[in-house]
Every structure is written in C-alpha cells, then in structure tokens.
Amino acid sequence: MREYQPRTIQELAACTCDRCQRRLTPDGPGEWQERLSFNHVGGFDSVFGDGNTVSLDLCQHCVREVLGQWLRITPPADTDVFGLWRDRKIDSAWDAPP
Ligand SMILES: [Zn+2]
C-alpha cells in the first residue's frame with residue numbers, strides 16, 4: 001500500500017526580457033515559446049569566473065536584434081511537404097513566409 005502527501009512545486013509563470021523588459025507569460029500570444037533562456041555554470045578558466053552561473057532571458061525580438069548576425073537558422077526539414085518554402089531561397093528564418 002502506498003501513501004502520498006501533497007507536494008508544492010515551483011512552475012515558471014512569467015519571464016521578463018533582460019534587455020527590453022517585455023514581460024512574457026505562458027498564456028501570451030506566442031512570445032513565450034520563442035524566448036531564449038539559459039543558465040550556464042562556468043567551468044575552469046571561464047571568462048565569467050570559475051563556477052559562476054551566467055543567466056539570460058531574452059524575448060525573440062531581442063534575440064534577433066542582439067544575436068541575429070551569428071544565429072544559424074535552418075528551416076524545418078519537412079517544410080517542402082507543404083510547399084511553403086519550395087523554390088525560394090531563404091537566407092534566414094526571419095525572411096521566411098509567416
Ligand atoms: Zn526583449
């Protein structure tokens with residue numbers, strides 16, 4: 001026989017872009033899934049300091065503005081199935097049809 005007890009968990013409910021302060025929520029219009037968030041723990045000889053944690057939250061607009069020239073953006077492999085991107089040269093996903 002198993003017995004269970006209630007347990008409280010933390011769920012991410014909102015995220016604020018560190019650059020533009022845009023507030024993103026899971027029930028917002030598509031911005032939530034497109035944000036870029038990470039935590040990285042620097043290792044030995046890290047420029048951020050050994051063992052320091054580097055964190056970042058950016059909305060998709062700031063990701064494009066700040067990192068755009070270095071992003072490698074590849075269309076999904078199955079887009080030709082729907083003919084959406086066929087015969088069209090795509091330099092970046094930002095140029096892609098909506
Ligand atoms: Zn932003």
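The following exercises, with worked solutions, concern the predicted model shown above.

Residues are numbered from 1 along each chain as its sequence is written. Because the model is predicted, local features need pLDDT of at least 70 and side-chain atom pairs count only at pLDDT 80 or more, while totals for chains, interfaces and linings use all residues.

**Exercise 1. Determine which elements the chain contains and in what order they run.**

Step 1. Helices (H or I, at least four residues) and strands (E, at least two) are taken as DSSP runs, numbered from the N terminus.
Step 2. The chain holds two helices and four strands.
Step 3. Read from the N terminus, the order is β-β-α-β-β-α.
Step 4. Confidence is expressed as pLDDT, the predictor's value for each residue from 0 to 100. The chain average is 86, and 79% of the residues score at least 70.

**Exercise 2. Describe how β3 pairs with β4 and state how many residues of β3 are buried.**

Step 1. Two strands are said to pair if DSSP finds at least two bridges between them.
Step 2. Strand β3 (residues 36-41) and strand β4 (residues 53-58) are joined by six bridges in the antiparallel sense. Leu36 has Leu58 of β4 as its bridge partner.
Step 3. A residue is buried if 20 or more other C-beta atoms lie within 10 Å of its own, exposed if 12 or fewer, and partly exposed in between, with C-beta atoms placed from the backbone.
Step 4. Of the six residues of β3, the number buried is zero.

**Exercise 3. Identify the residues of the largest nonpolar core and the contacts of Leu58.**

Step 1. A nonpolar core is a set of buried Ala, Val, Leu, Ile, Met, Phe, Trp, Tyr and Cys residues joined through C-beta atoms within 7 Å.
Step 2. Buried residues make up 5% of the 98 residues in the chain.
Step 3. The largest core consists of five residues, namely Cys17, Leu24, Leu58, Cys59 and Cys62.
Step 4. Contact requires C-beta atoms, placed from the backbone, within 7 Å. Leaving aside residues up to four places away in sequence, Leu58 touches Cys17, Asp18, Arg19, Arg35, Leu36 and Val63.

**Exercise 4. Locate Gln21 and Asp45, and decide whether each is buried or exposed.**

Step 1. Gln21 is placed in the loop between β1 (15-16) and β2 (23-24). Although Gln21 is not a glycine, its phi is positive, at about 70 degrees.
Step 2. Gln21 has 9 other C-beta atoms within 10 Å and is therefore exposed.
Step 3. Asp45 belongs to the loop between β3 and β4. Asp45, not a glycine, has a positive phi of about 70 degrees.
Step 4. With 7 other C-beta atoms within 10 Å, Asp45 is exposed.

Conventions:
Contact = placed C-beta atoms within 7 Å.
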